[in-house]
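Here's a quick tour of the charged side chains in this protein. Have a look at the sequence and the structure first, then read on.

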Amino acid sequence: QVQLVESGGGLVQPGGSLRLSCVASGSIFDIGSMGWYRQAPGKQRELVAVISSSGITDYADSVKGRFTISRDNDKKTMALQMDSVKPEDTAVYHCNSYVRTTRWDTWSPYWGQGTQVTVSS
């Protein structure tokens, strides 16, 4: 079993900053790409940012220049630094990771339960 646990969500004022973290644990042989997704009420889940195992990053246009994704392969962690947040960033943020549990395994996606981020004055 593989578990992803997010933390760091909360209430933040517009223009403020927040840092989300994701920790992967369990039967992990290798971690591939990791990413953050978010889902606002009444909307579909959308990609926020992704990072490859070698550190190549990509961002949704709506967060470019404001959010920064990073990872620590040794610690099996990932972070999302959110700066200059806006009310439209309000959503549940989910951690996603592609994992192999053995060297013979195929890559499988895993999801965390999510952490709520609310941007409001």
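## A pair with an exposed partner

Aspartate 61 has 65% relative accessibility, so this residue counts as exposed (exposed means over 50% relative accessible area, buried under 20%, and partly exposed in between, using a 1.4 Å probe and protein chains only). Its side chain meets that of lysine 64 in a salt bridge, at 3.2 Å from N to O. A salt bridge here is a side-chain nitrogen of Lys or Arg within 4 Å of a carboxyl oxygen of Asp or Glu. Lysine 64 counts as partly exposed, at 47% relative accessibility.

## What you're looking at

This is a predicted model, where local features need pLDDT of at least 70 and side-chain atom pairs count only at pLDDT 80 or more, while totals for chains, interfaces and linings use all residues. Residues are numbered from 1 along each chain as its sequence is written, and side-chain values use heavy atoms, with hydrogens and water left out.

## Ties across the sequence

How many salt bridges does a search of the whole structure find? It turns up five.

One of them joins arginine 100 and aspartate 30, at 3.4 Å from N to O. Arginine 100 sits in strand E9 (residues 91-100) and aspartate 30 in strand E4 (residues 30-39), so the pair ties together parts 70 residues apart in sequence. Strands (E) are DSSP runs of at least two residues, numbered from the N terminus. Arginine 100 is buried at 18% relative accessibility, while aspartate 30 is partly exposed at 28%.

## A linked network

Arg38, Glu46, Arg66 and Asp89 are joined in a network of salt bridges. Within it, the side chains of aspartate 89 and arginine 38 meet at 3.0 Å, N to O, and both residues are buried.

Methods:
Helices (H or I, at least four residues) and strands (E, at least two) are DSSP runs, numbered from the N terminus.
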